[in-house]
Amino acid sequence: MAKLNLVEAINLALAEEMGRDERIIVLGEDVGRLGGVFRVTDGLQSQFGVNRVIDTPLAEAGIVGTALGLALGGLKPVVEIQFMGFLPPALDQIICHISRYRNRTRGRHTVPLVVRMPYGAGIHAPEHHSESIESILAHIPGIKVVIPSNPYDAKGLLISALRDPDPVMFLEPKRIYRAIRQEVPEGEYTVPLGTANIIRSGKSVTAVAWGAMVREVMRAAELVEPEGIAVEVIDLRSISPLDDDTIVQSIKKTGCGVIVHEACRTCGMAAEIIARINEKAFLSLAAPLERVTGFDTIPPLLKLEEHFLPDVFRISRAIRKIAQF
Ligand SMILES: Cc1ncc(C[n+]2csc(CCOP(=O)(O)OP(=O)(O)O)c2C)c(N)n1
């Protein structure tokens, strides 16, 4: 079995599904000849031709609006937004139309499209290239929001997204695009949307993360292990729908939890997760729930980025704090 990184796993999922389903087309800025800024769509245009892998003008609202029309016309478009920071012009199409077509037509029309986008900080990129605004997407009813943390899940989640009848936002943590290699099977397999994964079991503290933060949380869990703190790590994989059952079951076992995300603190996903734990497992809590997050500021440049992003130090400090109760 080949060991692939995240970029290669996503590329493989696209190539395999495009081979199986000729309704799938790819469109976005520089996705064709160049193969995308991060080379995620590398080779697809030469394999499937210019009618199925389309270089578009620099106009996010136009690209996503076009994809909506193509989806309603019977195709399965996969849009690449070059960086999540350039998503806002397309939010009008996503919020006002794509997310509501099923509801607007009383289920007669669905919108089977996928919007892929690199997101998150950690690669020393300038403004608009480090955004992590997943909670804005999670706030929109009618779309699914998926974030893989490793190559195996990336391929399986993307195949599920491509086969889903409804719109899926597929967020790619670019900080780990090439940082992890993992055995990824050839051929089809799926990872279900809306299902979290317990990637490390423990009885002391529950830690919830997604995307690039999963790796940091795993490092923190290993750091505190010799101190007698056994951390259960949940990789959320989908932030909408949110698999709160898995989180609640874990909290009932450990009695305390920390949620880690690199997005800004205010109205980030941690706030929603903490609210759900309060609703469903408050009486099992032995300590206040903690969150370790980015700060309420634009992701800063270069070295300051290291202070903005939750790291092993900040995460392990939060874990120790709640484990003491
Ligand atoms: C709204 C928005 N979307 C995407 C980008 C990312 N981006 C930066 S340069 C570039 C290519 C621009 O190509 P072109 O307009 O031909 O200008 P040239 O590279 O020739 O100067 C893209 C897509 C951006 N800066 N702004």
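In the predicted model, helix α1 passes helix α7 in a right-handed crossing, a crossing being right-handed if the near helix is turned clockwise from the far one by less than a right angle, and left-handed if anticlockwise. The model is a prediction in which local features need pLDDT of at least 70 and side-chain atom pairs count only at pLDDT 80 or more, whereas totals for chains, interfaces and linings use all residues. Residues are numbered from 1 along each chain as its sequence is written, and side-chain values use heavy atoms, with hydrogens and water left out.

The axes of α1 (residues 6-20) and α7 come within 8 Å and cross at roughly 30°; helices (H or I, at least four residues) and strands (E, at least two) are DSSP runs numbered from the N terminus, and axes are lines fitted to C-alpha atoms, for helices over the stretch in contact, with angles running from 0 to 180 degrees between N-to-C directions. The two helices α1 and α7 are therefore roughly parallel, given that angles under 35 degrees count as roughly parallel, over 145 as roughly antiparallel, 65 to 115 as roughly perpendicular and the rest as oblique. Among the α1 residues that meet α7 are Leu 6, Ile 10 and Arg 20, and their partners in α7 include Pro 151, Leu 158 and Arg 163, where contact means heavy atoms within 4.5 Å. By class, the contact of α1 with α7 comprises 11 nonpolar, no polar and five charged residues, with Ala, Val, Leu, Ile, Met, Phe, Trp, Tyr, Cys and Pro counted as nonpolar, Asp, Glu, Lys and Arg as charged, and the others, Gly among them, as polar.

Seven strands form an open sheet of mixed pairing in the order β3-β2-β4-β5-β7-β6-β12, two strands being paired if DSSP finds at least two bridges between them. The edge strands, each pairing on one side only, are β3 (53-55) and β12 (238-240), and the twist averages 20° from one strand to the next. Strand β6 (residues 144-146) runs antiparallel to β12 and is joined to β12 by two bridges, with Val 145 standing opposite Ser 240 in β12. Helix α3 (residues 60-72) packs on the sheet, touching β2 (24-28) and β4 (76-80), and its direction makes about 170° with that of β4. Helix α7 (residues 151-163) also packs on the sheet, where it touches β2, β4, β5 (114-119), β6 and β7 (168-173), its direction making about 160° with that of β7.

The axes of α3 and helix α4 (residues 88-96) come within 7 Å and cross at roughly 25°, which makes α3 roughly parallel to α4. In this pair α3 passes α4 in a right-handed crossing, and the contact involves Glu 60, Ala 61, Val 64, Gly 65 and Leu 68 of α3 with Pro 89, Ala 90, Gln 93 and Ile 94 of α4.

The peptide bond from Ser 240 to Pro 241 is cis, with omega near 0°, and Pro 241 is placed in the loop between β12 and α9. Helix α9 (residues 244-254) packs against helix α10 (residues 269-281) at an angle of about 60°, with their axes 10 Å apart, and α9 and α10 are therefore oblique to each other. Residues of α9 including Ile 247 and Ile 251 meet residues of α10 including Ile 273 and Ile 277.
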